[in-house]
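Me: Here's the model I want to go through with you. Can you walk me through how it packs?

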Amino acid sequence: MTAEKNPNHKKINDKDFELIQAINSGQTDKFHDLVKRYEQKLYNFSLRMCRDHSDAEDMIQETFLNVFRYLKNFRYETKFKNWLYKVAASTCIKKRRKSKFAPDKELSLDEFRPGNETEVPDHVPDWALMPLDKLLNQELSSTINQEILSLPKKYRLVIVLRDIEGFSTVETAQILGLSPSNVKVRLHRARLYLRDKLKGYFENDQR
Amino acid sequence: MTSDNHDHKHCLEMFQKLSEYIDGELDQVNCAEIEKHADNCVACFTCLETLKRTVAICKNVKDQPVPQEFSRKLKEIIQNIPKTTSP
C-alpha cells in the first residue's frame, strides 16, 4: 500500500519510496543501492551505540539483514529513514539485552543543577562564546564521541537521534516507542551530562 | 544580564525547561520567563549558554567515513542473502 492509496495518511514525500517499490516488486539487486544510501549514516550511528568496532559492524549487518527481511512490511506511512532507524535502534536494544551489561544507570536532574556545582560560575566560559568553527577540531570531536559512548544507552539513543541524526522529538519518540515527554526528559539529562563533561574537558586543559 | 541578587527559588523550575527552550518547544510565556530569569541569574545564564554550545557541538560533530574493507564485506553479505528470505 502506498501513501497515495491510503487516504487516512498524509502524503509523504520520500526519495526512497521508488527504490523500495522496485525492490519489493522483485528487483532485489537494487537493495544494495539502498544500503549504499545509508551505509555511512548507519555506520556512524552504530559506532556511537556500540563500544567497539566489531560490535558496530555486527549491528549494521544485522540491521540491513532485518531491513531486507521485513521490507515487504514497509507501509509507506513514514519516511524510510525513520523506519530504518527504528530497525537499527531495535537491533541495538536487543543486542544489549543479550549481553552481560548491568542495567542502565539513571541520570538524575539534581546531579546537574547549577547550584550543586562547587563554585557558582560568575561568567560564561570562553568555550561557550568563541566561534564554533574555531572550537570544533579533531580532538574535541573525538572527546565528544567518547563522552557520548560513556552515556547510559537509553540516554545515548535519544541524544544521538535528536542532536546528531537530526530527528524531531516526535520522530525520536516514534523510533524508540517512547512518549515525546519521555524523549524530552532523557534528552535534557543527556545534554546536561555532556555539558558537564565538556566543562571538565575545557577547565582541566585550560583551553 | 544584570545582577545575581535574586531569589533562586525559580532556578530549578527554569533549569528543567532549558532544553525545550533551546529547541523552540516552549510557548511565548515560558520563553519570556526564562529570558527574564537568565537576565538576572548568572548561574542560569551560564548554564543556558554552555548547554546551547553543547548542543551545537553535537549537531556539528563530523561523521567518520566507512572503511572500504567493511563496505566490501557488507556488499558481499547483501549479495549472498538468500533471495527466498524476502522481499
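Reply: First, a term: two residues are in contact if their C-beta atoms, placed from the backbone, lie within 7 Å. This is a predicted model, where local features need pLDDT of at least 70, side-chain atom pairs count only at pLDDT 80 or more, and totals for chains, interfaces and linings use all residues. Residues are numbered from 1 along each chain as its sequence is written, and chains are lettered from A and ligands numbered from 1 in the order in which they are written.

Me: How many residues does each chain put into the contact between A and B?

Reply: Chain A puts in 50 residues and chain B puts in 42.

Me: Which helices of chain A each supply at least two residues there?

Reply: α1 (17-24), α2, α3 (53-70), α6 (138-149), α7 and α9 (180-204) of chain A. Helices (H or I, at least four residues) and strands (E, at least two) are DSSP runs, numbered from the N terminus. α9(A) gives the most to that side, with 9 residues.

Me: Left-handed or right-handed?

Reply: The crossing of α3(A) and α5(B) is right-handed. A crossing is left-handed if the near helix is turned anticlockwise from the far one by less than a right angle, and right-handed if clockwise.

Me: Which residues meet?

Reply: On α3(A), E57(A), I60(A), Q61(A) and F64(A). On α5(B), F70(B), L74(B), I77(B) and I78(B). By class that is 6 nonpolar, 1 polar and 1 charged.

Me: And α7(A) with α4(B), at what angle do they cross?

Reply: Roughly 80°, with the axes of α7 (residues 153-164) of chain A and α4 (residues 42-60) of chain B coming within 8 Å. α7(A) and α4(B) are therefore roughly perpendicular. I159(A), D163(A) and I164(A) touch V55(B), C58(B) and K59(B). The classes here are 4 nonpolar, no polar and 2 charged.

Me: What's chain B made of?

Reply: 5 helices and 0 strands. Of its 87 residues, 22% count as buried. Buried means 20 or more other C-beta atoms within 10 Å of the residue's own, exposed means 12 or fewer, and partly exposed is in between, with C-beta atoms placed from the backbone. Among chain B contacts with a separation of 6 or more, 66% join residues 24 or more positions apart.

Me: Back to chain A. What domains does it have?

Reply: Domain 1 (3-98) and domain 2 (109-204). Those bounds come from an automatic or database domain assignment. The domain centres, taken over C-alpha atoms, are 26 Å apart. Their contact takes 9 residues from domain 1 of chain A and 13 residues from domain 2 of chain A.

Me: Which helices supply at least two residues each on the domain 1 side?

Reply: α2 (31-49) and α4 (80-98) of chain A. α4(A) gives the most, with 5 residues. The domain 1 side has 4 nonpolar, 1 polar and 4 charged residues.

Me: How do α2(A) and α3(A) pack?

Reply: At about 140°, with axes 9 Å apart. That makes α2(A) oblique to α3(A). The crossing of α2(A) and α3(A) is right-handed. Residues in this contact include F31(A), L42(A) and L47(A) of α2(A), and M59(A), F64(A) and F68(A) of α3(A).

Me: What's the phi of Y76(A)?

Reply: Positive, about 60°, although Y76(A) is not a glycine. Y76(A) lies in the loop between α3 and α4 of chain A.

Me: Is Y76(A) buried or exposed?

Reply: Buried, with 21 other C-beta atoms within 10 Å. T143(A), in helix α6 of chain A, counts as partly exposed, with 18 C-beta neighbours inside 10 Å.

Methods: Ala, Val, Leu, Ile, Met, Phe, Trp, Tyr, Cys and Pro count as nonpolar, Asp, Glu, Lys and Arg as charged, and the others, Gly among them, as polar. Axes are lines fitted to C-alpha atoms, for helices over the stretch in contact, and angles run from 0 to 180 degrees between N-to-C directions. Angles under 35 degrees count as roughly parallel, over 145 as roughly antiparallel, 65 to 115 as roughly perpendicular and the rest as oblique.
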